Amino acid sequence: MAVPKQQTGALQRLLGMGRREDSAIPTELGILRQQLAVAEAVEQERKRIYDDLHDDVGSALLTLLHRVPDGERQLVREILQDLRAILAHDRGIEGSLLEVLAQLRDEIEQRLLTRSITLDWHQSDTLPDPTLDRAQAMHLFRIGREAVTNAIRHANPSRVRIIVRQVAADLIFEVTDDGHFDPARIGDGRGTRSMRARADELHGDIQWQQGTLGGTKVHLRFPLPAAPAAGG
C-alpha cells in the first residue's frame, strides 16, 4: 500500500528532529498513528468494494450468460473476463518493470485470443529492470490495457503490435493496430483523458498518430526510475 504524502511528511518531521525536545515526539507519533489507521481503513473499504463488485456484477454476468442467445454469449464471456482482469490487476500490480510487462503481455494475449486477434509483442532484450512503485506499475498497465481496449472497440483489428524499448533513460511503449485510422476519434473522451492523466503521473508524454500497420499508434514515453547503486 502506498504511503500518503501526509504520512511521509510526518515521518520526515520525526527523522529531522535531531536534538529537538523529546516531548514533541509523542505528538508526532500520535498524528502518524492516526493517519496510518485512516489509510488502513480506506484500504479495507476499497477491498470490500472490489469484492462486492466482483460478486454482484460477476454473478449478474454469469446469469446473463445462460439467458442470452448463442450469438451473444461470446460478448458476455469477454465482458466477464475483462471484469476479472481489471479487479485482479487493480489490486495487485507491482514489481519490477519486466514483471509488470510480463503481467500486461499475459493479459493482452488472453484478451486478443478470445477475439482471434494476433498479438505481435516486440520487447528489447536489453531493457533494464528497475523496481516500479505501485502507482507507476498501475499507470503503465492501465495505459497499455486502455490502448488495446480502444483498438478492439473502434478499429476491429486482425492484428495488434506492441513494441517496448528504451531510448536514453526513457521507456518507449507503443501499441499499433491494423484497423482504420480516424483522427476525429481521438478526442477528449474519458479513456483518452485517463491515459493522458496517467502519462502525466509518470512524468511522461503520450501521443496518437497513424501507424505503419494502417491503424492507430499509441506512443507512450516516460523516464524510467533510476536503478539502485551497486552495493546500495
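Helix axes are lines fitted to C-alpha atoms over the stretch in contact, and angles run from 0 to 180 degrees between N-to-C directions. The model is predicted: local features need pLDDT of at least 70, side-chain atom pairs count only at pLDDT 80 or more, and totals for chains, interfaces and linings use all residues. Residues are numbered from 1 along each chain as its sequence is written, and side-chain values use heavy atoms, with hydrogens and water left out.

**Exercise 1.** Determine how helix H4 is oriented relative to helix H5.

*Solution.* Helices are DSSP runs of H or I with at least four residues, and strands are runs of E with at least two, numbered from the N terminus. H4 spans residues 97–113 and H5 residues 134–155; their axes lie 10 Å apart at an angle of about 20°. Therefore H4 is roughly parallel to H5 (angles under 35 degrees count as such).

**Exercise 2.** Classify the aromatic pair of the structure.

*Solution.* Rings of Phe, Tyr and Trp (its six-membered ring) pair if their centres lie within 6.5 Å; planes under 30 degrees apart count as stacked, over 60 as edge-to-face and the rest as tilted. The ring centres of tryptophan 121 and phenylalanine 173 are 6.4 Å apart and the planes stand at 70°, so the pair is edge-to-face. Tryptophan 121 belongs to strand S2 (residues 118–123) and phenylalanine 173 to strand S5 (residues 170–177), 52 residues apart.

**Exercise 3.** State whether isoleucine 152 is buried or exposed.

*Solution.* Buried means under 20% relative accessible area, exposed over 50%, and partly exposed in between (1.4 Å probe, protein chains only). Isoleucine 152, at 18% relative accessibility, therefore counts as buried. This residue is located in helix H5.

Notes
Angles under 35 degrees count as roughly parallel, over 145 as roughly antiparallel, 65 to 115 as roughly perpendicular and the rest as oblique.
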